[in-house]
Amino acid sequence: MEEKDQFHERARNFFKIIEPSVKRVTSSFVIAETYTWLRYREGFSYAKRFLEIIGSSQGNRTIEVILADHETLELAEQLLKDFPDQKLSYVDAASIAIMKMEQIQKIFGFDRHFYILDFEVVP
């Protein structure tokens, strides 16, 4: 959303070429982290627009939002313990846990932490 972001152009170009048939998944953790980042760095209007995009995407079924259950959170916390040498955030660990539990192999992002467990990071 933020054109000044160093990854904006790469993200935008990649998003344009994703086939409509590709399942898109996010989590409430990622939504919360993104909203907070936008709210603090870009302001309320950007954060509000982000939530509107998520809501619209859910409404037209182009994205699925996963809510973590107790088992997912336990796995996330175990991952944090298993990789103390990595600077994993709780959201990173929860995302990895969700990906493992949902058998998701690819992640759209620019965070090197997802290489830890051999996920394919795109773009």
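What follows is a working chat about a predicted model of a protein.

Me: What should I keep in mind about numbering and confidence here?
Reply: Residues are numbered from 1 along each chain as its sequence is written, and since the model is predicted, local features need pLDDT of at least 70 and side-chain atom pairs count only at pLDDT 80 or more, while totals for chains, interfaces and linings use all residues. Side-chain values use heavy atoms, with hydrogens and water left out.

Me: OK, in what order do the elements run?
Reply: From the N terminus the order is α-β-α-α-β-α-α-β-β, with five helices and four strands in the protein, where helices (H or I, at least four residues) and strands (E, at least two) are DSSP runs numbered from the N terminus.

Me: How does its radius of gyration sit with a compact globule?
Reply: A compact globule of 123 residues would have a radius of gyration near 14 Å, and the protein's 15 Å agrees with that; the radius is taken over C-alpha atoms, and the globule rule is 2.2 Å times the number of residues to the power 0.38. The C-alpha trace spans about 35 × 35 × 25 Å along its principal axes.

Me: Switching to pockets, what volume does the largest one have?
Reply: Its volume is about 2200 Å³. A pocket, on a 1 Å grid over the protein atoms alone with a 1.4 Å probe, is an open set of points with protein on both sides within 12 Å along at least five of seven lines, and lining residues have an atom within 4 Å of a point; the volume is the space filled by probe spheres set on the points, which are joined across faces, edges and corners.

Me: And which residues are closest to its centre?
Reply: Of the 47 lining residues, those are Thr26, Val30, Thr34, Phe108 and Gly109.

Me: Is Thr26 buried or exposed?
Reply: Thr26, which lies in strand 1, is buried at a relative accessible area of 14%, where buried means under 20%, exposed over 50% and partly exposed in between (1.4 Å probe, protein chains only). Not counting residues up to four places away in sequence, Thr26 touches Ile31, Ile63, Glu64, Val65 and Ile66, contact meaning heavy atoms within 4.5 Å.
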